[in-house]
Amino acid sequence: MAAKEFRLASRPSGWPTEETFDFAEVTLPSPEAGQVLVRNAFMSVDPYMRGRMNDVKSYVPPYEVGKALDGGAVGEVVESAVDGVVPGDLVLHGLGWRSHALVSQFNKLDPIDGVSPSHFLGALGMPALTAYVGLLDVAEFSPGETVFVSGAAGAVGSLVGQIAKLKGAKRVIGSAGSADKVAHLTRKLGFDAAFNYRDGDVTKQLAEAAPDGVDVYFDNVGGDHLEAALWSMNRNGRVAICGSISSYNEESLPPGPRNLHQILVNRLTVRGFIVLDHNDRFPAMIAEVGPWLAGGKLVAEETVVDGLENAPSAFLGMLRGENTGKMVVRL
Ligand code: NAP
């Protein structure tokens, strides 16, 4: 089977570019026992992939130069050497960035009427689990609390805010990088307040949006957003450190928040987490988020880029903020 894939051409320093990627044509053999051959229908581009382009020890191994990239993908089985899996079955697996894949580790998916399979990469997938466990388990959100989430118009952030509202938040505040995204948060996703962090000082904008303070901060951005949130946190507040995308493409790390003392003053709990450690919560997440999505109570916005050949620009666009909701590539 003739297939196409993207490889890491070189490790970027600072912002990656189209030259970071190599396109290659390969021939895949038929599946061996335990494998299925999949034609990918959608692949995910995620911020963590930027970290995997660096040669540093992290919670997942770095990509190797000259080798195919990988990441979440959903596709249709075209040939199977696994009992109970037949051509036409839909599977979720970890070999994105290619047109076809031979996979032995996959989850067979039950298609849901009216729900695009791409949502298994977003509102019913890893970003949803991240939002769900980060808010409910890590930050121990309770009804009646005020939640601030940064990166609020993205895949994880847009779900954090909506889940908080559905679970009885008193007030949900989001920050994002454009006026359109801010309008999307308040008009379409039900956020109580939102601001554009490019409009001015984040600490000031957050203080205005949260006059009674913040009980839970879900941090997708780090840097100035974390510092702003620490100034606004109420006593016994909790901060879930999910990501720090403001520094992923920096060649040298910016100074950290200057006000860590607020953690002491306000008896805060600040906890980092990695979604991979919480896979046991997947069924609980699906049981709650699935009906919200199917019932129209939760909006699962996507930005869809067409064509495997456009996967690098989708990835680069996501890092620049060109997505609203989950950025996916349709193959
Ligand atoms: P996403 O929010 O859909 O896409 C990334 C967004 O980051 C962009 O749309 C852009 O939106 C924003 N951004 C880029 N540069 C920024 C900057 N300098 N300051 C503020 N915002 C910036 O991505 P996602 O998949 O939902 O991931 C969100 C965060 O969660 C990332 O930090 C990611 O690493 C983290 N994450 C962590 C885990 C975990 O296990 N801990 C799992 C999944 C994701 P704007 O237009 O608003 O700037």
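Let's start with Leu69. Leu69 sits in the loop between α1 (48–52) and β4 (73–80); helices here are DSSP runs of H or I with at least four residues, strands are runs of E with at least two, and both are numbered from the N terminus. This is a predicted model, where local features need pLDDT of at least 70, side-chain atom pairs count only at pLDDT 80 or more, and totals for chains, interfaces and linings use all residues. Residues are numbered from 1 along each chain as its sequence is written, and side-chain values use heavy atoms, with hydrogens and water left out.

Is Leu69 buried or exposed? Leu69 counts as buried because its relative accessibility is 0%. The cut-offs: buried is under 20% relative accessible area, exposed is over 50%, partly exposed is in between, with a 1.4 Å probe and protein chains only. Leaving aside neighbours within four places in sequence, Leu69 is in contact (heavy atoms within 4.5 Å) with Phe6, Arg7, Leu8, Phe21, Tyr63, Gly96, Trp97 and Arg98. Now follow the chain to Ala81. Leu69 and Ala81 are twelve residues apart in sequence, and their C-alpha atoms are 24 Å apart in space.

Next, Thr20. Thr20 is in the loop between β1 (2–8) and β2 (21–27). Its relative accessibility is 3%, so Thr20 counts as buried. Beyond four places in sequence, Thr20 contacts Arg7, Leu8, Ala9, Ser10, Pro12 and Met53.

On to helix α3. Gln162 lies in this helix. Gln162 is buried because its relative accessible area is 3%. What does Gln162 touch, leaving aside neighbours within four places in sequence? The contacts are Leu189, Phe191, Lys297, Leu298 and Val299. Take Phe191: 29 residues separate Gln162 from Phe191 in sequence, yet the C-alpha distance is 7.4 Å.

The grid is 1 Å over the protein atoms alone; a cavity is a set of points where a 1.4 Å probe fits but cannot get out, a pocket is an open set with protein on both sides within 12 Å along at least five of seven lines, and lining residues have an atom within 4 Å of a point. Points are joined across faces, edges and corners, and a volume is the space filled by probe spheres set on them.

How many cavities of 30 Å³ or more does the structure hold? One. The largest cavity has about 70 Å³ of space. Helix α3 (residues 155–166) gives the most to its lining, with three residues. Among the lining residues are His119, Ser158, Val299 and Lys326. By class, the lining has five nonpolar, four polar and three charged residues. Nonpolar means Ala, Val, Leu, Ile, Met, Phe, Trp, Tyr, Cys and Pro; charged means Asp, Glu, Lys and Arg; the others, Gly among them, are polar.

Now the second largest pocket. Its volume is about 200 Å³. It is lined by 15 residues, with Gly223, Ser244, Ser247, Leu253 and Pro254 nearest its centre. That lining divides into eight nonpolar, six polar and one charged.

Last, the ligand. It is surrounded by 27 residues, the closest being Lys181, Tyr197, Tyr248, Val275 and Asn323; near means a heavy atom within 4 Å. A ligand oxygen is 2.8 Å from a polar backbone atom of Gly177. A ligand oxygen is 2.6 Å from a side-chain N or O atom of Lys181. A ligand nitrogen is 2.9 Å from a backbone N or O atom of Phe273.

Methods:
Polar contact = N/O pair within 3.5 Å; in protein donor to acceptor, adjacent residues only side chain to side chain.
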